[in-house]
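Here is my note, in numbered points. Please keep the structure open as you read.

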Amino acid sequence: MGKPWRKVIISRREFLGGALAGVGALAASCAPTQPAGPQAPAVQGRPTELHVLRWSSFVAEMDKLIDTQMQEWGKKNNVNVKVEHINANDIPARLAAAVQAKAGPDIVQFWDGWPWIYEDSLVDVSKEVEELIKKLNGVYQDFEAYCKVNGVWRAFPYSYTSNTFIYRTDYFKEAGVAVPKTWDEFIEAGKKLKAYGKPIGQALGHSFGDPPTFWYPWLWAWGGKEVLEDGKTVAIESDATLLAVEKAVELFDTGLIEGVLSWDDSSNNRAYLAEQISCTLNGASIYFVAKRDYPKLAEVSDHFVHPRGPAGTFSYQLDWSVGIMAYSKNIQAAKDLIVHILQPEQYSAWLQSGRGYETGPYRYYDNDPVWRTDPKILPFRDVVTNGTARWPGWPGPPTAKATQVRNNYIIVDLFAKACSREFKPREAIKWAAGQLQQIYGRS
Amino acid sequence: MAKKGVLAETSAVAVPKRLPRTFSPGIILEREQVLGYLLMLPALALLTVFVLYPFLYGIWLALTDSRIGIPGQFVGLRNFLDLTQDSIFQQTFRNTFLYTGVTTVFKLIFGLAIAALLNNKFPLKRFVRAAVLLPWIVPTVLSALAWLWMFDSTFSVVNWVLARFGIKGPVWLGNNPWPMISLMVVNIWRGTPFYAISFLAGMQTINQELYEAAAIDGASRWQMFRHITLPLLKPVITIVLLLSVILTFSDFQLIYVLTRGGPANSTHLFATLAYQVGLPSGEIGRGAAISLFIFPALCITVFLTLWYMRRQELD
């Protein structure tokens with residue numbers, strides 16, 4: 001009688017044969033059941049997928065509304081719109097990976113001179129932008145500088161997260177300080193406010209927003225500039241820059257709160273809301289949080305635009321633009337979507353959802369109803385309409401080199417090195433000149 | 001006859017015939033040499049795609065003036081030569097060696113001390129051993145954010161505590177040399193558990209009879225540690241040091257969260273500078289060159305460590 005069981009021996013050959021057969025069967029089961037044919041054309045010939053990469057705004061309502069607007073447009077046009085929001089500081093890495101791989105989001109939101117960096121990777125949108133400019137009464141010069149690269153519009157001007165100085169009216173009054181009209185008055189105000197116990201707070205570390213938007217206009221206002229009009233000749237070594245650096249050291253020593261060398265974009269928000277400082281340059285987010293959570297603080301807060309320097313009044317606004325990636329398979333749909341959200345019916349509602357946190361780049365929106373909601377937010381519009389906004393690389397164009405200088409914090413560190421006493425002012429300028437020569441000198 | 005015939009038949013069968021050589025895949029797979037290489041193929045393919053290709057591509061990029069989205073021209077060693085003249089890179093170079101050297105020494109000392117303590121019997125021993133690992137287990141970004149708050153120039157809990165004792169704390173992430181010191185503290189805090197647990201595992205493999213014999217001979221605890229524990233722990237120490245140096249050299253997360261290389265580049269390491277130059281600034285060729293500077297330094301470290309290990313084994 002045979003044993004009820006039998007020892008099973010599988011040879012390697014049998015094992016491999018079986019495994020190969022299994023893999024083959026699996027592959028066969030995963031294969032399309034019908035022969036691949038041409039895809040069914042979408043309704044009206046439109047593509048079916050659009051991936052939009054945007055930053056996470058500090059005003060959540062704005063993100064929510066734009067998402068809804070895009071998805072509603074998608075439903076009407078048979079386009080599946082996927083909107084992804086990420087931290088603004090993380091957009092560079094995502095965009096770089098997408099450009100290198102030639103795959104990823106179809107539409108990307110970025111800021112400042114990025115259309116210059118990615119000129120070859122962005123679609124020409126000149127026709128659409130020119131039509132928008134015509135319809136919406138023109139666009140501000142800084143947006144034209146950023147988005148029109150070598151005569152071709154590579155991105156749609158989208159919005160400003162404009163910045164002004166928020167200040168405590170009660171502290172200013174008690175310290176005997178008036179709203180400064182010039183940077184010298186600003187320095188004097190800082191001395192009094194610091195003596196009063198509520199200094200000025202201004203970031204001087206490595207962060208994408210606050211440090212550059214304060215220190216570039218500071219340089220320009222005292223007459224300093226990184227390059228000449230040709231956008232190539234380094235011009236940082238000048239008496240004007242020396243004055244700017246010396247004045248920065250004076251402000252740092254006598255008017256700023258301790259620790260600003262380590263501040264990032266959120267540090268001044270926290271310090272102001274905790275009533276540690278009396279004034280700082282920021283977007284409207286501090287005021288909005290105060291209105292929502294600390295109404296008494298909002299009551300004693302107001303805003304003023306950039307003071308004037310010996311060379312004029314300058315500001316550096318955070319300019320958001322929207323570009324379409326050249327690798328996108330849905331370029332026409334992407335153009336249609338962006339044009340749609342920039343139309344007054346959508347864009348005005350979006351501006352109002354932000355209550356003044358964002359400002360329109362087209363002059364049509366200068367009188368948007370949002371500016372009638374609260375007189376304290378008007379400076380956020382005025383700092384745009386007064387035409388003071390410039391860009392890294394000014395008076396030259398905001399080239400890829402200028403954006404490299406900005407993203408490597410050369411101008412911010414020029415002041416940081418002097419304020420921290422790592423270098424004397426002249427040495428700091430020499431250091432910055434060396435860095436600028438390296439960047440502008442490279443082919 | 002019949003027998004003879006059978007024998008003749010049998011002997012005819014027994015004579016080995018030369019079979020025709022076949023090349024069926026099944027038979028080839030039965031051969032060790034072929035099958036061995038075949039089984040290695042998936043791992044080799046993975047390594048090629050995810051390690052070798054990026055590495056070679058990184059070398060190629062470093063030899064070009066590529067920008068993101070724009071294939072560059074071959075420029076030879078120009079990126080490397082330019083970097084040696086760049087004061088930010090020079091500072092980064094010094095920072096990286098200082099950061100790795102100082103933190104490694106402290107992690108080694110603290111790791112040994114904690115392991116020696118944990119190797120004793122005490123109440124809640126297992127719980128404490130698990131708890132010691134926490135800083136190493138918590139995702140670095142999360143713990144770095146917690147440290148960011150603790151080092152905040154306005155709301156630092158550390159300075160708040162110091163103020164209770166009448167001491168004015170420094171601006172941890174602001175005024176030199178404190179930013180680098182702060183980063184080192186966090187790195188040591190995070191890395192020490194890895195050392196401690198590895199050393200503890202090594203200590204537990206040491207034969208207890210050695211300690212008993214030493215005790216009979218009147219050896220003190222320090223002598224036992226010096227002459228028994230340390231020599232027998234050397235292979236583990238070497239491996240831990242090797243891994244730790246590699247990881248610390250290429251540290252990114254801590255610096256990115258706490259300082260982003262600031263203030264004024266005083267805390268940049270190779271990885272953070274490579275990121276800043278390669279991605280936000282778009283100079284991917286130059287960024288690749290910066291990151292490749294890690295490679296020879298690590299090669300020397302690995303070589304020295306392995307050479308030392310081999311010498312120990314021979315001894």
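**Notes on the predicted model**

1. Start with confidence in chain B. The mean pLDDT is lowest in helix H1 (residues 2–14) of chain B, at 46. It is highest in helix H10 (residues 178–203) of chain B, at 96. Over residues 1–13 of chain B the pLDDT is below 50. Beyond near neighbours in sequence, this stretch has zero contacts in the model. Where pLDDT is low, the predicted coordinates should not be read in detail.

2. Now the wider scores. This is a predicted model. Chain B has a mean pLDDT of 88. In chain B, 92% of residues reach 70 or more. The model's ipTM is 0.76 and its pTM is 0.82.

3. Next, the interface. On the side of chain B, 48 residues are in contact with 40 residues of chain A. The size of an interface is often given as the accessible area lost when the parts come together. Chain B and chain A bury about 3900 Å² between them. Of that area, 47% is on carbon and sulfur atoms.

4. Polar links also cross this interface. There are 17 residue pairs in polar contact between chain B and chain A, counting pairs with both residues at pLDDT 80 or more. Two salt bridges are found across the interface of chain B and chain A. Lys168(B) forms a salt bridge with Glu258(A), with the closest N and O atoms 2.9 Å apart. Which elements give two or more residues to the side of chain B that touches chain A? They are helices H2 (25–29), H3 (32–62), H4 (78–85), H5 (87–118), H14 (270–278) and H15 (284–292) of chain B.

5. Over all chains, the structure holds 19 salt bridges. One of them joins the side chains of Asp112(A) and Arg406(A), at 3.3 Å from N to O. This pair links distant parts of the chain, 294 residues apart. Asp112(A) sits in the loop between strand E3 (107–111) and helix H4 (114–117) of chain A. Arg406(A) is in helix H17 (residues 400–407) of chain A.

6. Look next at Arg168(A) and Glu275(A). Their side chains meet in a salt bridge of 2.9 Å, N to O. Arg168(A) lies in strand E7 (residues 164–168) of chain A, and Glu275(A) in the loop between helix H11 (267–273) and strand E8 (279–282) of chain A, so the pair ties together parts 107 residues apart in sequence. Arg168(A) is buried, at 4% relative accessible area. Glu275(A) is partly exposed, at 34%. Arg168(A), Asp170(A) and Glu275(A) are linked in a network of salt bridges.

7. Lys191(A) and Glu188(A) form a salt bridge, with the closest N and O atoms 3.1 Å apart. Both residues lie in helix H8 (residues 183–196) of chain A. They are three residues apart, about one turn of the helix. Lys191(A) is partly exposed, at 27%. Glu188(A), at 40%, counts as partly exposed.

8. Finally, the nonpolar cores. The largest has 168 residues. Phe186(A), Leu204(A), Trp218(A) and Phe415(A) have the most contacts inside it. Apart from this core lies another, of 16 residues, including Trp147(B) and Phe151(B). Leaving aside residues up to four places away in sequence, Phe415(A) touches residues including Leu204(A), Trp215(A), Trp218(A) and Ala248(A).

Technical notes: Residues are numbered from 1 along each chain as its sequence is written. Chains are lettered from A and ligands numbered from 1 in the order in which they are written. Side-chain values use heavy atoms; hydrogens and water are left out. A salt bridge is a side-chain nitrogen of Lys or Arg within 4 Å of a carboxyl oxygen of Asp or Glu. Helices (H or I, at least four residues) and strands (E, at least two) are DSSP runs, numbered from the N terminus. Buried means under 20% relative accessible area, exposed over 50%, partly exposed in between (1.4 Å probe, protein chains only). A nonpolar core is a set of buried Ala, Val, Leu, Ile, Met, Phe, Trp, Tyr and Cys residues joined through side-chain atoms within 4.5 Å. Contact means heavy atoms within 4.5 Å. pLDDT is the predictor's confidence in each residue, from 0 to 100. Buried area is the accessible area (1.4 Å probe) that two parts lose on being put together, summed over both. A polar contact is a pair of N or O atoms within 3.5 Å; within protein, one must be able to donate a hydrogen and the other to accept it, and residues adjacent in sequence count only if both atoms are side-chain atoms.
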